[in-house]
Amino acid sequence: MNNVFKGPDALKDYLNPGKHPNLPMVELPASLNPFAKDKVRIFAKLMGQSPLGNVKAVPAFNMIREMFLRGDLEGVERLVENSSGNTVFSMALAARQFGVERTQSYVPSEISWNKLLMLQFFGIEPIVNQEPQNPVENDPATGVFKARRDGNEPDAVNPGQYENPDNPNAHEKWTGPQIWQQTEGKIDIFCAGLGTTGTLIGNARFLKEKNPELKIVGSLRAPDNYVPGVRTQDLLKVVDFDWRRHVDHIEFVKTKASYISSMALSRRGILAGPSSGLALVGLVNHLRGLKKDNLLEAMRRSSSGEIICVFPCPDGPVPYLDEYFKYIDASHFPPIKNEELLVNKP
Ligand SMILES: Cc1ncc(COP(=O)(O)O)c(C=O)c1O
């Protein structure tokens, strides 16, 4: 594949995950892998290396294209979605290729300022929503409910990433096969952060079909902890997918640990955002538990002599830069010399 996109469908093809080489997968060095000596190998799957720079480029393209093929976009002038940023950004850009120019997004009130600017930069209309911390089923205060309601208006449509089967289907079709191929079928543990749960379900379906022994770990935010794109167990109530059926273990991860882990990955050249850090911390915690229960050794013996783990990195750190300075204390950052000379200070 020469990686050239041309002709009348160049942009549509460029956004199509099926028309790209495999996204990179990179093994963590021993400095980032506390179990390297136990013959555990950990690989980051860099979903942020897709054309739109985040994991959601994959399901967004699939959802929009399938809607177009079914005729669901006929007469539609605007998309409405609930999204922490990445989905709606990816959807809006895909939708323009399929004839829908306008996109509105309900965003959580905790959204970072940079992400809001990003949405505006790309011509997406943000609607800030104060999410209930403990929503009831079908809670009318949630952005998910409001986007669904608005999507019923005659000129609008709500792709509904929390219930649309083309979200997990996209990962089953494209991401899972890549991971299987890139690990030469030797993957033992897959660990992903849970937002809509599409990444976890799609990959789990494909990988477990290939190897039913493979373990699936889901990383969630610990209660009252914030990590963009990922949910707490309570907030998963708005998700309609049957994610529990696909998960073997759940890990709860805190905000600070997620941001520190993401910064450590990024400083080694693996550009990984906060939810990548969350997935890695969840994986490491899970491995620690296995080791404590003497299960790591048994698992290694029954696999290829080593344990191969993969965690997807949904995006990079740059859209969240201001947040790192909020959640990580100043001692982690080099001081700025001659700061008093700066013309533009925050
Ligand atoms: C940054 C980030 N991380 C993780 C996720 C979770 O992925 P999924 O929705 O497939 O569970 C998302 C989803 O929006 C995201 O934007």
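Entry 1: I began with the ligand and found one of its nitrogen atoms 2.6 Å from an N or O atom in the side chain of Ser 275. I note that the model is a predicted one.

Entry 2: I turned to the oxygen atoms of the ligand. For Lys 56, I recorded a distance of 2.8 Å between an N or O atom of the side chain and a ligand oxygen. For Thr 197, a backbone N or O atom is 2.8 Å from an oxygen atom of the ligand.

Entry 3: I listed 16 residues around the ligand. Those that come nearest are Lys 56, Gly 195, Thr 196, Thr 199 and Ser 275.

**Entry 4: helix 4.** I next examined helix 4, which spans residues 113-121 and has Lys 115, Leu 116, Met 118 and Leu 119 as its buried residues. Viewed down the helix axis, these buried residues fall within an arc of 155°, so I assign them to one face of helix 4. On the other side I found Trp 113, Gln 120 and Phe 121 exposed.

**Entry 5: cover over the buried face.** I asked which elements cover the buried residues of helix 4. The cover includes helix 3 (86-97), together with strand 4 (102-108) and strand 5 (125-129).

**Entry 6: end of helix 4.** I checked the backbone just after helix 4 and noted that Gly 123 has a positive phi of about 75°.

Terms used:
Residues are numbered from 1 along each chain as its sequence is written. This is a predicted model: local features need pLDDT of at least 70, side-chain atom pairs count only at pLDDT 80 or more; totals for chains, interfaces and linings use all residues. Side-chain values use heavy atoms; hydrogens and water are left out. Buried means under 20% relative accessible area, exposed over 50%, partly exposed in between (1.4 Å probe, protein chains only). Helices (H or I, at least four residues) and strands (E, at least two) are DSSP runs, numbered from the N terminus. The arc is that of the directions from the helix axis to the C-beta atoms. Contact means heavy atoms within 4.5 Å. A residue is near a molecule or strand if one of its heavy atoms lies within 4 Å of it. A polar contact is a pair of N or O atoms within 3.5 Å; within protein, one must be able to donate a hydrogen and the other to accept it, and residues adjacent in sequence count only if both atoms are side-chain atoms.
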